[in-house]
Amino acid sequence: MTRLFLVVSITVMCSFAAYSQESLERAMQPAKINTDLVNPIFSTVNLANVLLPSLETLYESARNSPTVEYYSYRREEEAGELKTEKRRWLEFFTLVGSYQYGIFAIQQDMPTAGQNYYRITNTSAQNWWTVGATVSVPLNKLFDLRNNKHKQLMRMQQTEMEIEKWYDEQRLRIVQEYTMAQQYLALLKVKSEAATVATAQYKISELDFMNGKADAAALSRQKSMQTNAITELEQLKASLYSTLLRLEILASIKIINRDEQ
């Protein structure tokens, strides 16, 4: 009888140990965290696989932005205004001309010997044309010719400087967002592992609670740790996603693959 009891006890203990080992291995598997409830926008984006372009690529792509295109149109307009100022002296001269064509007719009544009259009509085609020029030189406009050209050149240079100033500021903004994105990407793996470990520890505590090896307070602490880890992970994802979106806008380039599942 004693031998039978020992055999049964050993069998039960071995079964429980095997069950505990299997539960532990299942709990340590990476947790599938449902983030759709936290931020549905990440459902079609795998941020862990995002590859940042080089800074040089972002700089060159920024030159294709609508702001640069706007300044290009403005530069062309200023160049046209400069050509107009260079031809401003032509306003001092005015050319005039006219041309007329017509038929000239003369009618005369001539008397005859019998006191009768007969009418004679002479016609001829004639052309009239005139050509001339006038010169009017207001002194204020004359002396302002060089000054106006100089001011227009300054406007063109100002436009060029505004483009370079905007580009420098844009590069600074790109560097700031690029550095933040790199930092978030480096932390993403750490936060993901922390959330997986916290979820696994919670599952182990849940098993211990069911088996009477842990109280409700310990289970509550593990649940709180899991919630904090997942919250920090989702906050990091939101910050990373926002930073990548700003980079896309600043550099006019696609970084996030929104079709990737």
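Trainee: Where does Ser252 sit?
Mentor: In the segment after H5. Helices here are DSSP runs of H or I with at least four residues, strands are E runs of at least two, and both are numbered from the N terminus. This is a predicted model, with residues numbered from 1 along each chain as its sequence is written. Local features need pLDDT of at least 70, side-chain atom pairs count only at pLDDT 80 or more, totals for chains, interfaces and linings use all residues, and side-chain values use heavy atoms, with hydrogens and water left out.

Trainee: What about the phi of Ser252?
Mentor: Positive, about 55°, although Ser252 is not a glycine.

Trainee: Is Ser252 buried, exposed or partly exposed?
Mentor: Partly exposed, because its relative accessibility is 33%. Buried means under 20% relative accessible area, exposed over 50%, and partly exposed in between, with a 1.4 Å probe and protein chains only.

Trainee: Zoom out. What is the fold made of?
Mentor: Five helices and two strands. From the N terminus the order is α-α-α-β-β-α-α. Of the 261 residues in the protein, 24% are buried.

Trainee: How confident is the prediction?
Mentor: The mean pLDDT is 78, and 75% of the residues reach 70 or more. pLDDT is the predictor's confidence in each residue, from 0 to 100.

Trainee: Where is confidence lowest, and where highest?
Mentor: Lowest in helix H1, residues 2-27, at a mean of 38. Highest in H2, at 92. Over residues 1-40 the pLDDT is below 50. That stretch still has 23 contacts in the model beyond near neighbours in sequence. A contact means heavy atoms within 4.5 Å.

Trainee: Now the core. Which residues touch the most other members?
Mentor: The largest nonpolar core has 30 residues, and those touching the most other members are Leu47, Leu58, Ile174, Leu188, Leu240, Leu244 and Leu247. H2 (55-62), H3 (66-86), H4 (139-210) and H5 (216-251) each give two or more residues to this core. A nonpolar core is a set of buried Ala, Val, Leu, Ile, Met, Phe, Trp, Tyr and Cys residues joined through side-chain atoms within 4.5 Å.

Trainee: What does Leu240 touch?
Mentor: Leu47, Ala181, Tyr184, Leu185 and Leu188, leaving out residues up to four places away in sequence.

Trainee: And Tyr184, buried or exposed?
Mentor: Buried, with a relative accessible area of 18%. Tyr184 is in helix H4. Beyond neighbours within four places in sequence, Tyr184 contacts Leu236, Ser239, Leu240 and Thr243. Tyr184 and Leu240 are 56 residues apart in sequence but 5.7 Å apart C-alpha to C-alpha.

Trainee: Switching to H3 and H4. How do their axes cross?
Mentor: At roughly 170°, and the axes come within 9 Å. Axes are lines fitted to C-alpha atoms, for helices over the stretch in contact, with angles from 0 to 180 degrees between N-to-C directions. H3 and H4 are therefore roughly antiparallel to each other. Angles under 35 degrees count as roughly parallel, over 145 as roughly antiparallel, 65 to 115 as roughly perpendicular, and the rest as oblique.

Trainee: How do the residues of that contact divide?
Mentor: Eight nonpolar, four polar and ten charged. Ala, Val, Leu, Ile, Met, Phe, Trp, Tyr, Cys and Pro count as nonpolar, Asp, Glu, Lys and Arg as charged, and the others, Gly among them, as polar.
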